[in-house]
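Here is my note on the model, point by point. Please keep the coordinates open while reading.

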Amino acid sequence: DPACAEPLAVLGRDVTVPLVTGGEVTYAALDYAASAPALQRVWDDVAAYAPYYGSVHRGAGYLSQLSTDLFEQSRVTVAEFLDCRPTDQVVFTRSTTDSLNLLAAVLPADCQVFVFETEHHASLLPWADARVTYLNAPRTPAEAVATLERALADRDPYGPALVCVTGASNVTGELWPVRELAAAAHAHGARIVLDAAQLAPHHPVSVQELDVDWVAFSGHKLYAPFGSGVLAGRADWLQEAEPYLAGGGASRKVARREDGGVDVEWHTTAARHEAGSPNVIGVYSIASACKALTEAGFEHLVARERHLIAKVREGLAEVPAVRILSLFGDDAPRVGVISFVVDGWNSSHFAAALSAEYGIGVRDGLFCAHPLVRTLLGSEPQAQGECGAPEAAPGERSLNAIRVSFGAGTPDEHVERFVRAVK
Ligand code: PMP
């Protein structure tokens with residue numbers, strides 16, 4: 001039964017943590033939406049490569065050449081993983097946040113941007129200097145498409161435009177109608193970037209099938225370590241703009257001018273936006289994770305995750321005080337990310353109790369998606385800190401939420417313990 005098999009092993013499964021009630025317990029990492037544990041396979045690949053690592057694009061020595069080959073081969077692996085068009089470029093960045101800020105930095109002049117208020121702040125905020133239209137939270141996928149179409153119909157039809165949309169919400173786990181939104185964008189002459197930070201770890205992402213112009217995701221949510229991310233897609237806007245970072249690696253030729261200044265010829269490949277010594281371990285890890293997920297087969301990963309989602313939702317449904325947060329309703333397709341509040345509980349205290357009494361790691365707060373969580377809670381919480389948890393007195397109505405999230409390598413026992421603890 002593919003729903004019961006765990007196709008991939010992750011690190012950290014035998015880590016034990018102390019309980020306030022005494023003794024210790026193996027840690028149940030149920031905060032994959034923040035950062036997933038690394039795959040054992042990624043760890044093994046990195047360990048095998050580590051003695052050989054050298055500077056990328058900078059040395060004639062054997063190890064530099066080897067590292068350069070692995071780095072460039074990683075680009076090909078990521079392009080295959082995302083089913084990119086042959087002319088697309090894969091730029092390695094630090095994270096999804098970095099990828100979307102890079103795209104924001106290369107927008108053509110006068111580019112209009114359309115973004116739903118329900119986005120993660122990484123998708124919501126990089127466009128501050130462009131002409132942004134914030135779209136109201138839709139309550140169905142069809143309403144999302146209709147809302148975008150209406151907004152695009154009103155836009156200046158001659159200027160460039162970009163739509164930024166998430167593939168799977170980091171709050172509700174719900175899947176967004178990316179293909180339909182892309183069709184709407186293109187029908188109105190706009191382009192679209194997919195924030196796949198939460199989608200790529202759980203579902204295959206095909207740039208060509210979805211017909212999106214760019215995709216962004218982070219290594220640390222895709223079972224690789226921190227510090228590397230991807231922006232993949234159309235080359236033209238990337239290559240027509242100034243480099244995101246100026247420096248070595250991005251420049252092909254630099255020469256003093258007679259007037260005393262400096263002339264620079266920038267690369268027209270992905271390297272244009274990758275100045276500085278690249279994070280070869282991070283990039284190699286992403287490629288290793290892409291290969292491992294592809295080899296395990298997303299059909300198995302999805303089936304396994306559905307089984308875990310059902311366990312959590314059925315378990316939570318037996319607790320009358322629990323309210324699951326959802327934009328699109330109970331039947332909406334989703335990934336293994338579920339946020340909820342518990343009547344009579346402050347969410348931060350609840351999450352702290354799950355950790356201290358049961359060794360379960362979840363997230364509480366507004367999940368860097370303040371407008372969305374406000375809409376879902378129907379409240380106006382006072383945010384403390386960028387992604388933080390606003391305080392409510394014990395017993396007060398919750399002003400923030402609890403999020404449980406899981407994926408490859410999550411054993412049944414972790415979600416069973418979670419449901420038991422909530423009960
Ligand atoms: N988009 C979404 C949907 C996310 O969930 C996150 C991370 N929580 C990001 C973007 C930002 O990712 P990172 O912190 O790796 O830049």
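1. Two residues are in contact here if their C-beta atoms, placed from the backbone, lie within 7 Å. On that basis, and leaving aside neighbours within four places in sequence, Val215 is in contact with Leu82, Leu194, Ala196, Val205, Val207, Ala232 and Gly233.

2. Some ground rules. This is a predicted model, in which local features need pLDDT of at least 70, side-chain atom pairs count only at pLDDT 80 or more, and totals for chains, interfaces and linings use all residues. Residues are numbered from 1 along each chain as its sequence is written.

3. Confidence. pLDDT is the predictor's confidence in each residue, from 0 to 100. Its mean over the protein chain is 93, and 94% of the residues reach 70 or more. For the complex, the predictor gives an ipTM of 0.99 and a pTM of 0.95.

4. Over residues 380-386 pLDDT stays under 50. The model has 14 contacts beyond four places in sequence for these residues. Where pLDDT is low, the predicted coordinates should not be read in detail.

5. Domains. The bounds come from an automatic or database domain assignment. Domain 1 covers 16-30 + 297-422, and domain 2 covers 43-295. Their centres, taken over C-alpha atoms, are 29 Å apart. The contact takes 27 residues from domain 1 and 23 residues from domain 2.

6. The domain 1 side of that contact. α10 (298-317), β14 (337-342) and α12 (370-377) each supply at least two residues. The largest share, five residues, comes from α12. Helices (H or I, at least four residues) and strands (E, at least two) are DSSP runs, numbered from the N terminus.

7. The core. A nonpolar core is a set of buried Ala, Val, Leu, Ile, Met, Phe, Trp, Tyr and Cys residues joined through C-beta atoms within 7 Å; buried means 20 or more other C-beta atoms within 10 Å of a residue's own, all placed from the backbone. The largest such core has 121 residues, of which Leu181 and Val215 touch the most other members. Helix α9 (residues 280-296) gives the largest share, nine residues. Both domain 1 and domain 2 give residues to this core, so it lies between them.

Technical notes: A residue is buried if 20 or more other C-beta atoms lie within 10 Å of its own, exposed if 12 or fewer, and partly exposed in between; C-beta atoms are placed from the backbone.
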